[in-house]
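Hi,

Here is the structure I promised to pass on. Have a look at it first, and then read my notes below.

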Amino acid sequence: MSGLEILRHQAALLDANSYLVVDREEQVAMVIDPAADLTERLEGLLEEGITLEAILLTHGHFDHIAGAGLCKELWPGAKVMVHRADSPIITDPVANLSQAFIGQAISAPPADRVLEEGDRISCGSLDFQILATPGHSPGSICCLGHGYLFSGDILFCGGYGRTDLPGGSGAQLYNSLHRLAQLPGNLQVLPGHGPGCTLAQALQGIGVGGWEDA
């Protein structure tokens, strides 16, 4: 799609990836898993006259929500979106693990829209589908559209998300990964940590069917 631009930012906090998804033709954008140190990138969008419409959280853990408040400050009309199952933890520093992991209270603004399986998110002429993929957390989601799969912490290029955190489930992760394996292998996976690759490469790297005891 000619107007689509995706900008990746690797955060200082646990090397989490943030993605700015921009429709250049309509001058609107959404951010996926905003980091706290995304300020320069966001201010650049402001200077270009681009409006941020959506703040999509692939799950509620602190390293993927840390910059949501900043996004809201710069664009009060932008909607925070997260799956219903993870919606309660984004405002709770204990539940989103920031207190336990880094000894700091990190939270996001409350969700403006709670997401469910099959929901769609529009941003200008861009359209994405929400896939409910629990396992890393109860409300983990993937965002699918325009040849890309934003996989959060469910699937990495050569790995998959941990299941030993509160709300994690090896059985659910197993099912979610097998569900992703039904999608076209040429999709570009943009994960929550690490580099991107094709879906086929990501799944080949972990071997579908090996997660019964994950």
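Strands β7 and β8 (residues 126-132) run antiparallel to each other, paired over four bridges. Within that part of the model, which is a predicted one, Ser-122 sits opposite Asp-127 of β8.

The pair belongs to an open, mixed sheet of six strands, in the order β7-β8-β9-β10-β13-β14. The edges are β7 (120-123) and β14 (197-198); each has a single partner strand, so one side of each has no neighbour in the sheet.

Next, helix α4 (residues 170-180). Its buried residues are Gly-170, Leu-173, Ser-176, Leu-177 and Leu-180. Looking down the axis of α4, you'll find them within an arc of 120 degrees, so they line one face of the helix. Ala-171 and Asn-175, on the other side of α4, are exposed. And what covers the buried residues? Among the elements doing that for α4 are β8, β9 (141-145), β10 (148-152) and α5 (199-206).

Leaving aside residues up to four places away in sequence, Leu-45 touches Leu-20, Val-22, Ala-29, Ile-50 and Trp-75.

Cheers

How values were computed. Residues numbered from 1 in each chain as written. Predicted model: local features only at pLDDT ≥ 70, side-chain atom pairs only at ≥ 80, totals over all residues. Heavy atoms only, no water. Pairing = 2+ DSSP bridges. Helix = DSSP H or I, 4+ residues; strand = E, 2+ residues; numbered from the N terminus. Contact = heavy atoms within 4.5 Å. Buried < 20%, exposed > 50% of the residue type's maximum accessible area, 1.4 Å probe, protein only. Arc of directions from axis to C-beta.
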